[in-house]
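Opening my notebook on this one. I'll jot down what I looked up, in the order I looked.

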Amino acid sequence: MPLIDPELMKILACPCEQHAPLRELAPGEHPAAAEGALQCTDCGRSFPIREGIPVLLLDEAIERR
């Protein structure tokens, strides 16, 4: 089951310069994102999902390892 509504995923984009699409990371796929995350398909940053809401702020991004 998707974490974020598929219709919303169609319009969400990473706040990086490329505004690339995002993909879902399930809970447990990223150790710093307990509820899951959205990962940029270009820059690799991950954005946590908190209480069902993606936090798409660069200051909150989890950098690619």
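Leucine 56 went first: I have it as partly exposed, because its relative accessibility is 23% (under 20% would be buried, over 50% exposed, in between partly exposed; 1.4 Å probe, protein chains only). I'm working from a predicted model, where local features need pLDDT of at least 70, side-chain atom pairs count only at pLDDT 80 or more, and totals for chains, interfaces and linings use all residues. Residues are numbered from 1 along each chain as its sequence is written, and side-chain values use heavy atoms, with hydrogens and water left out.

Where does leucine 56 sit? I found it in the segment after strand 4 (53-54). Strands here are DSSP runs of E, at least two residues, and helices are runs of H or I, at least four, both numbered from the N terminus.

Next I checked what leucine 56 touches. Neighbours within four places in sequence aside, it is in contact with Leu12, Ala13, Pro15, Leu22, Leu38 and Phe47, contact being heavy atoms within 4.5 Å. I also noted histidine 19, 37 residues from leucine 56 in sequence and 11 Å from it in space, C-alpha to C-alpha.

Then the strands. I count one helix and four strands in the chain, in the order α-β-β-β-β. Strand 3 (residues 46-50) has four of its five residues buried, so the rest of the structure largely encloses it.

Who pairs with strand 3? Strand 2 (residues 37-40) does, antiparallel, over three bridges; pairing takes at least two DSSP bridges between the strands. Glutamine 39 stands opposite serine 46 of strand 3. These two strands make a hairpin with five residues between them, and glycine 44 in the turn has a positive phi of about 85°.

Strand 4 also runs antiparallel to strand 3, joined to it by two bridges. Isoleucine 49 has proline 54 in strand 4 as its bridge partner. That hairpin, strand 3 to strand 4, has two residues between the strands, and glutamate 51 in the turn shows a positive phi of about 55°.

Last, the whole chain. I read 38% of its 65 residues as buried. The C-alpha trace spans about 30 × 30 × 15 Å along its principal axes. Among contacts with a separation of 6 or more, 27% are between residues 24 or more positions apart.
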